[in-house]
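Opening the notebook on a new model today.

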Amino acid sequence: MSATGNDGTETTVVHLMRHGEVHNPDGVLYGRRAGFHLSELGRQMADRVAEHLSGRDVTHVVASPLERAQETAQPIAKAHSLDLATDERLIEAGNVFEGKTFGVGDGALRRPSNWKHLTNPFRPSWGEPYIDQVVRMMAALNAARDAARGHEAVCVSHQLPIWIVRSFVERRRLWHDPRRRQCTLASLTTFTYHGDRIVSVGYSEPARDLVPPHLLAGARPVRGRAPGRGGGNGNGGKAFGA
């Protein structure tokens, strides 16, 4: 049933979901690379969120083209008897360190070959500009809103683009301390639209009890390991996405 306010304007809810944990035993920054699938725990996270949303009025489910996002979205689409759509604009942020290890205490910051990519954290110089992420993510959100007018949509994406578009909507600066991102694995950042206008932003973690403690927001990084490269950090020190 369509949700309509007293003034006749439709209310639409778009949930921007981060994918579940990824199987990544070598601990690389997988970025946009193909071949990185959900771990068994990640599949449990996806199922948990599908169960959490099972009673909601979801009429549209869409995901980034990367395997981990597609696999996270599939249980949600199935629970609502929907076809899963794909939107390239929901993809992970581009990154020059893709395919490499970049851990806390592993010497990566002391390698001269990396210095040229670390000169401007405000843009950032190591990857896709923040403003470019805002443009494509806002377009993806608005497309999902249009596809689910008066109902709810779920868009499965990746940590950095989700945090950047939320920061833009909430009028925060786009450059930030990655340890302070509120976007843990399988979390939902929820945008409520009144007509075409976003009127509120919410956040929830339906699978929080499944997320390892060191991957939760504010967790301290483990020396010698990039807190997000191995399976996608919730928030603790990840500079480059997932």
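My entries below go from the whole chain to single side chains.

**Ground rules.** I'm working with a predicted model, where local features need pLDDT of at least 70, side-chain atom pairs count only at pLDDT 80 or more, and totals for chains, interfaces and linings use all residues. Residues are numbered from 1 along each chain as its sequence is written, and side-chain values use heavy atoms, with hydrogens and water left out.

**Whole chain.** I get five helices and six strands, taken as DSSP runs numbered from the N terminus (helices H or I, at least four residues; strands E, at least two). Their order from the N terminus is β-α-β-α-β-α-α-β-α-β-β. Of the 242 residues, 54% come out as buried, where buried means under 20% relative accessible area, exposed over 50%, and partly exposed in between (1.4 Å probe, protein chains only). I also looked at contacts (heavy atoms within 4.5 Å): among those between residues at least 6 apart in sequence, 72% join residues at least 24 apart.

**Helix 5.** Why do I call helix 5 largely enclosed by the rest of the structure? Nine of its eleven residues (159-169) are buried, so the rest of the structure largely encloses it. The buried stretch includes Pro161, Trp163 and Arg166. Its buried residues pack against strand 1 (11-18), helix 4 (130-147), strand 4 (152-157), strand 5 (188-194) and strand 6 (197-204). Arg171 follows the helix, and I note its positive phi, near 60 degrees.

**Salt bridges.** I count 14, using a side-chain nitrogen of Lys or Arg within 4 Å of a carboxyl oxygen of Asp or Glu.

- Glu92 pairs with Arg68 at 3.9 Å, N to O. Glu92 sits in the loop between strand 3 (84-86) and helix 3 (112-115) and Arg68 in helix 2 (residues 67-79), so the bridge ties together parts 24 residues apart in sequence. Glu92 is buried at 1% relative accessibility, and Arg68 is buried at 0%.
- Asp87 meets Arg89 at 2.9 Å, N to O. Asp87 is buried at 11%, whereas Arg89 is partly exposed at 33%.
- Arg149 bridges to Asp146, with the closest N and O atoms 2.9 Å apart. Arg149 is partly exposed at 28%, and Asp146 is partly exposed at 41%.
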